[in-house]
Amino acid sequence: MKYDHILVRIGELALKGKNRKVFERALASNINVVLKGYDIKVHSTFGRIMIELNDSREDDIIEKLKNVFGIHSFSLALKAENELEEIQKGALIALTDSRNQPVRTFKVTAKRPNKNFPIGSQELNHLVGGYILKNTENITVDVHNPDVEVRVEVREKATYITCGNISGAGGLPVGTGGKVMLMLSGGIDSPVAGYLTMKRGVRINAIHFHSPPYTNERAKQKVKDLVKILTKYCGTIQLHLVPFTEMQTTIHEKVPSDYAMTIMRRMMLRISEKIANKQNALAITTGESLGQVASQTLHSMNTINEVTNLPILRPLVTMDKLEVIEVARNIGTYETSILPFEDCCTIFLPSNSKTRPRKELAHKFEANFDFVSLVEKAVTETEIVTIRHQAKKEESVDKLF
Ligand code: ATP
Ligand code: MG
């Protein structure tokens, strides 16, 4: 016997009543996607997901599982037959495995969801603990603060023994909460906003506005790289690349410079909303944080938000920049985000943006040009790229609409 499984404990899912089965299935499927290519089997049993390792590289698998939302915690597990002697032997092997060393104290915690098993959990604690004490040296029992807790779960078909616990990512399985369009700029904030949105079970489609030739291929590649990093939390993300040059040059010509940013954001939202509707996305996520820059004051948000009825999710709204940076580092997007490629906003935008733009004036300046057809054109010419966690190459769909 040896550690040959991973036992996955499900987080908030357990609270979800009737939906639990749906959530368990989604989680099992997300685990399968993230572990594609490994010789493993994923089983869903009441309140737990078991991964059969079949000699796959467990260290890699453990690292990948840490990114899967909906997992509360997980442990390497050893499977034993539902017989006392086998359970005792298994527990001894699990405890004395080199991963758990050094062990000076332990306790056994047995659970018996399978009530057909003839030994109760209290008695099993003693029988397994006694066996370990008899077969080891210099190890004692400490029920209050043990070095290792040997957990024994007697289930329907087999018993699983674990020592130790690895924290999962928490949250809810991606895909159980609908879909949003994530406005992804290439900066530090929006990838973090995407990560936090996925954490709540929501699938993201990314949308990026670029302005060739003012923005170059490397800026576009940077956004693809960011999406690729985010796929480790969900498997696959569709990236929508919106050509924004004509809109921006028109705004530059037709709108006073202190309103250019406001109008540009309103156009971005209009386009995002149209693409969201075509993709059945129920909301738009941005990386805005209250008061961070001129476009992110409450007055600005209010004037910009006016153009859409879709909910706008702003997971970073109350966070300080330093807090955002910390998450960006932890999720692996920071180093890519700080690469110095120009974004479409930085190139065209003046430094005198209004911090309190007024709706009436926004309407007035928008009447200076035919924005409806420019919005339509940008939507029609949007290029869609599907980026997968496992694949080396992306897949391009040139025309979707
Ligand atoms: P970020 O770090 O995400 O770039 P930021 O602090 O630079 O954010 P802004 O430039 O004001 O802030 O952008 C606010 C939000 O608008 C971004 O977080 C993003 O959601 C969206 N956004 C900005 N530029 C683009 C773009 N070129 N394509 C798509 N979305 C964008
Ligand atoms: Mg930015």
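Analyst: A polar contact is a pair of N or O atoms within 3.5 Å; within protein, one must be able to donate a hydrogen and the other to accept it, and residues adjacent in sequence count only if both atoms are side-chain atoms. By that rule, one residue pair is in polar contact across the interface of domain 1 and domain 2, both residues being at pLDDT 80 or more. Helix α1 (residues 20–34) gives the most to the side of domain 1 that touches domain 2, namely three residues. That side has three nonpolar, two polar and three charged residues by class.

User: What kind of model is this, and how are residues numbered?

Analyst: The model is predicted, and local features need pLDDT of at least 70, side-chain atom pairs count only at pLDDT 80 or more, while totals for chains, interfaces and linings use all residues. Residues are numbered from 1 along each chain as its sequence is written, chains are lettered from A and ligands numbered from 1 in the order in which they are written, and side-chain values use heavy atoms, with hydrogens and water left out.

User: How do you know that domain 1 and domain 2 touch?

Analyst: Contact requires heavy atoms within 4.5 Å, and eight residues of domain 1 meet that condition with 10 residues of domain 2. The area buried between the domains (accessible area, 1.4 Å probe, lost on putting the parts together, summed over both) is about 800 Å², with 52% from carbon and sulfur atoms. On the side of domain 1, Val34, Asn67 and Phe69 lose the most area to domain 2, together 64% of what that side buries. The count of salt bridges between the two domains is zero.

User: Why is Leu76 called buried?

Analyst: Buried means under 20% relative accessible area, exposed over 50%, partly exposed in between (1.4 Å probe, protein chains only). Leu76 has 11%, so Leu76 counts as buried. Leu76 is found in strand β4 (residues 71–80). Leu76 and Cys163 are 87 residues apart in sequence, yet 7.5 Å apart in space, C-alpha to C-alpha.

User: What makes Glu86 and Lys89 a salt bridge?

Analyst: A salt bridge needs a side-chain nitrogen of Lys or Arg within 4 Å of a carboxyl oxygen of Asp or Glu. For Glu86 and Lys89 the N to O distance is 3.7 Å, which meets the criterion. Both residues lie in helix α3 (residues 84–96), three residues apart, about one turn of the helix. Lys89 is called partly exposed because its relative accessible area is 36%.

User: Which residue does Arg155 pair with, and is that pair buried or exposed?

Analyst: Arg155 forms a salt bridge with Glu153, with the closest N and O atoms 2.9 Å apart. Both Arg155 and Glu153 are buried.

User: How many salt bridges does a search of the whole structure find, and which residues form a network?

Analyst: The search finds 20 salt bridges. Arg266, Arg270, Glu306 and Glu366 are linked in a network of them.

Methods:
Helices (H or I, at least four residues) and strands (E, at least two) are DSSP runs, numbered from the N terminus. Buried area is the accessible area (1.4 Å probe) that two parts lose on being put together, summed over both. Ala, Val, Leu, Ile, Met, Phe, Trp, Tyr, Cys and Pro count as nonpolar, Asp, Glu, Lys and Arg as charged, and the others, Gly among them, as polar.
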